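Subject: Structure handover

Hello,

Here is the structure for you to work with. My notes on it follow below.

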Amino acid sequence: MPGPGVELIGEEETAQVLEVLSSGFLSRYGPADDPRFGAKVHLVEQQVAELAGVRYGLGLSGGGSAALLVALMGLGVGAGDEVIVPGFTFVASISAIVFAGATPVLAEVDESFDLDPADVEARITPRTAAIIVVHMLGGPARMDELKAVADRHGIPIIEDSAQAFGATYCGRGVGGIGKVGTYSFNEYKTITCGDGGMIVTDDEDLYGRLFAIHDQGHAPHRSGSKYAERPFLGLNFRMTELSGAVLLAQVRKLDLIRDHLRENKAIVKSTIAGLPGLGFRTIVDPEGDLATHLVVTFPTPEIAKAVADELGSITLAASGWHVYANMEHLIEMRTVSGRGCPFDCACYGSDGVHYEAGMLPQTDALLARSMSIGIGIFDTNLAPWGLRMRDDADAAHRVAERFCEVAGRHLGN
């Protein structure tokens, strides 16, 4: 059971899906005057947008990857552009940039495990077309500082909130603070519909572009004549009513999920806090933390690895395609065709671009001495040890005590 939403699938999701099946309307489109058509996708889009504090939501069939790609295209990002993205993020944040034809510019993360605002500003060039701010491991990034940097240079922010749906920053839902925000609803995320994603924005014109990209160039909800002029060629990333139905039931469980995870995280953190030499991730907004992960830091990489190994966990440096240095296809700049932008691209002349392990020393050093205790997420590539959603306070105490036993021995307690 990877994420909290999966463990809570029950009668509510079944009822919503059966409503769709009995109606016969499986597409997001149906007759408004037919009471059998529930418009599940449109309804959940509105609810997610409201949580983000914006006017528009757009459900997608392709997960967070599709959401990022559509967001980039909607902003007009393409060949010759650069997009700044953290070196600690799931590979989808980077591959979406590549598929848009733009060049990923990797930036450091700081003790928040999210983008370092100073490093972001140092990497801005005349080619910079967007900054992807990833809210990693359920913790919101330094949005005030990052937005100030972006605004100084007139660059839009895309909030990749795939791992942080339900987190807030200064009272605002993550995803709704930048120009556009994206979410993922696969089985490892806060809530799930199996796969699927969503984009949110408060910009009406941008929403129109995003909708057209995701639905063959159509205007939002296919309003107006079906023969009306299309703004451009689009694709098909439409979410089905079946996915919308599951997601509608899941989003109504968000408060339950957050409250429970925060209670369990508080138990574990307070129990292990006294260990000598043990540190914690900087939580930029403690009240807004989703609490799916408790990230701890050790004095050295050697201690971190020894503790992680004994617990059956991993350091964050070993978290697979969440770390740039482990992305061999990025390092070797492999694309589907092997031709064209961004890596075989005349835009860069003879200079080109390159990626290599060690190019982000601050990120590398931080991840090497860190591990995540899963609080509501079980992910073999991030947090293979910890708690599940249905674990109670007693289980939280047991996990904390086991951590103290192992870590305390290595820390010399």
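Helix 10 (254–272) and strand 11 (293–297) each give at least two residues to the lining of the largest cavity. Helices (H or I, at least four residues) and strands (E, at least two) are DSSP runs, numbered from the N terminus. A cavity is a set of points on a 1 Å grid over the protein atoms alone, where a 1.4 Å probe fits but cannot get out; lining residues have an atom within 4 Å of a point. The volume of the largest cavity is about 30 Å³. Volume here is the space filled by probe spheres set on the points, with grid points joined across faces, edges and corners. The structure holds one cavity of 30 Å³ or more. Its lining consists of Lys265, Lys269, Phe280, Arg281, Ile283, Leu294 and Val295. By class, that is four nonpolar, no polar and three charged. Ala, Val, Leu, Ile, Met, Phe, Trp, Tyr, Cys and Pro count as nonpolar; Asp, Glu, Lys and Arg count as charged; the others, Gly among them, are polar.

Two ground rules before the rest. The model is predicted, so local features need pLDDT of at least 70 and side-chain atom pairs count only at pLDDT 80 or more, while totals for chains, interfaces and linings use all residues. Residues are numbered from 1 along each chain as its sequence is written, and side-chain values use heavy atoms, with hydrogens and water left out.

Pockets

A pocket is an open set of grid points with protein on both sides within 12 Å along at least five of seven lines. The largest pocket has a volume of about 490 Å³. It is lined by 31 residues, and Phe90, Gln163, Asn186, Lys189 and His322 are the closest to its centre. Helix 4 (63–74) and helix 5 (92–99) each supply at least two lining residues. Helix 4 gives the most, with four. The lining of the largest pocket divides into 11 nonpolar, 16 polar and four charged residues.

The second largest pocket comes to about 320 Å³. Of its 17 lining residues, Ser95, Val98, Phe99, Arg334 and Thr335 are the closest to the centre. Two or more residues come from each of helix 5 and helix 12 (328–331). Helix 5 gives the most here, with four. The classes are 11 nonpolar, four polar and two charged.

Salt bridges

How many salt bridges does the structure hold? There are 19. The criterion is a side-chain nitrogen of Lys or Arg within 4 Å of a carboxyl oxygen of Asp or Glu.

Arg334, from the lining of the second largest pocket, forms a salt bridge with Glu332, with the closest N and O atoms 2.8 Å apart. Arg334 is partly exposed, at 47% relative accessibility. The cut-offs are under 20% relative accessible area for buried, over 50% for exposed, and partly exposed in between (1.4 Å probe, protein chains only).

Arg152 and Glu121 also pair, at 2.8 Å from N to O. This pair links distant parts of the chain: Arg152 is in helix 7 (residues 143–153), Glu121 is in helix 6 (residues 117–122), and they are 31 residues apart. Arg152 is exposed, at 54%. Glu121 is partly exposed, at 28%.

Arg123 and Asp119 meet at 2.6 Å, N to O. Arg123 is partly exposed, at 24%. Asp119 is buried, at 17%. Glu12, Glu13 and Lys253 are linked in a network of salt bridges.

Arg142

Is Arg142 buried or exposed? Arg142 is buried, with a relative accessible area of 18%. Arg142 sits in the loop between strand 4 (128–134) and helix 7. Neighbours within four places in sequence aside, Arg142 is in contact (heavy atoms within 4.5 Å) with Asp110, Ser112, Pro117, Tyr169, Thr282 and Val284.

Helix 11

The buried residues of helix 11 (residues 301–311) are Ile303, Ala304, Val307, Ala308 and Leu311. Viewed down the helix axis, they fall within an arc of 125°, so they line one face of helix 11. The arc is taken over the directions from the helix axis to the C-beta atoms. Among what covers these buried residues are helix 13 (361–368), strand 12 (370–374) and helix 14 (393–411). Gly312 follows helix 11, and its phi is positive, near 80°.

Best regards
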